[in-house]
Amino acid sequence: MTEQGSSGVEDLAGDAEESRRRAFARFVLPEVEVLLRVARTLTTQPADAEDLVQDTLLRAYRAVDRFDGRHPRAWLLTIMRRAEINRHRRRRPHLLDDPDDDLERLAAVPAGRAGSPEETVVDETFDEVLETAFRALPVKHQQVVRLVDIDGLSYGEAARLLDVPEGTVMSRLHRARKRIRGRLAAAGLTAEKRGAR
């Protein structure tokens, strides 16, 4: 190949790489926060969530030149779901993980919030009952509550991520919310009794 022909190939490769970087910045980077929230829902450890997001970003970078530009969040969530499935196939369950790690945040009262002792007790009790009710839900119901109510995904996005019909997400979410409300009512707590936050 002549020196001039070699230069032309390098130029094409450089242009393709620059195009890939621009597409990645446009379609993928704005969704990183959502990916982190969803990954925390799908995994039990923060480090696992970060690894899952990194794996998702790497896969997205490799494939972004084939992406049509429509629905980037759905595309990325599909990549994440597949990456998580592959991770589960490759690893053994973590038997030594501490399931109580997630409960540490419940005891903390936000700084600068000086509520009455009654409000503090009601808020702590509400949080405890809410957490207990959430933990009592089947895992598939916990997932939809986290994805839709906590992470803010749409029903369609959650359905694609979990690989179930949208109606299934809506049904699971309805049942989960009903069970949680029932536990709160049985404990004599409602959202109104919590006090303003």
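I began with confidence, as this is a predicted model. Helix H3 has the highest confidence in the protein chain, with a mean of 90, while H5 has the lowest, with a mean of 68. Over the protein chain the average pLDDT is 75, and 71% of the residues score at least 70.

Residues 92-121 keep a pLDDT under 50, and the model gives them 18 contacts beyond four places in sequence. Residues 191-197 also stay under 50, with twelve such contacts in the model. A reminder to myself: where pLDDT is low, the predicted coordinates should not be read in detail.

Then I turned to the fold. How many helices and strands does the protein chain have? I found eight helices and zero strands. Along the sequence the pattern reads α-α-α-α-α-α-α-α. I also checked the contacts between residues at least 6 apart in sequence, and 68% of them join residues at least 24 apart.

On to surface and burial. I noted an accessible surface of about 12,800 Å² for the protein chain, with 52% of it belonging to carbon and sulfur atoms. Of the 197 residues, 35% are buried.

The core came next. Which residues have the most contacts inside the largest nonpolar core? They are Val-28, Val-38 and Trp-75, in a core of 44 residues. Among the elements that give two or more residues to this core are helix H1 (3-28), helix H2 (32-42), helix H3 (46-63) and helix H4 (72-90). Helix H5 (117-136), helix H6 (139-150), helix H7 (155-162) and helix H8 (166-186) are on that list too.

Leaving out neighbours within four places in sequence, I listed its contacts as Ala-23, Leu-57, Ala-60, Trp-75 and Leu-76.

My last stop was Glu-166, which sits in helix H8. Is Glu-166 buried, exposed or partly exposed? I put it down as partly exposed, because its relative accessible area is 41%, and that class lies between the 20% and 50% cut-offs. Beyond four places in sequence, Glu-166 is in contact with Tyr-155, Gly-156 and Ala-159. I also checked Ser-154, which is twelve residues from Glu-166 in sequence and 9.5 Å from it in space, C-alpha to C-alpha.

Technical notes. Residues are numbered from 1 along each chain as its sequence is written. This is a predicted model: local features need pLDDT of at least 70, side-chain atom pairs count only at pLDDT 80 or more; totals for chains, interfaces and linings use all residues. Side-chain values use heavy atoms; hydrogens and water are left out. A nonpolar core is a set of buried Ala, Val, Leu, Ile, Met, Phe, Trp, Tyr and Cys residues joined through side-chain atoms within 4.5 Å. Buried means under 20% relative accessible area, exposed over 50%, partly exposed in between (1.4 Å probe, protein chains only). Helices (H or I, at least four residues) and strands (E, at least two) are DSSP runs, numbered from the N terminus. Contact means heavy atoms within 4.5 Å. Accessible areas come from the Shrake-Rupley method with a 1.4 Å probe; for residues, only the protein chains shown count as cover. pLDDT is the predictor's confidence in each residue, from 0 to 100.
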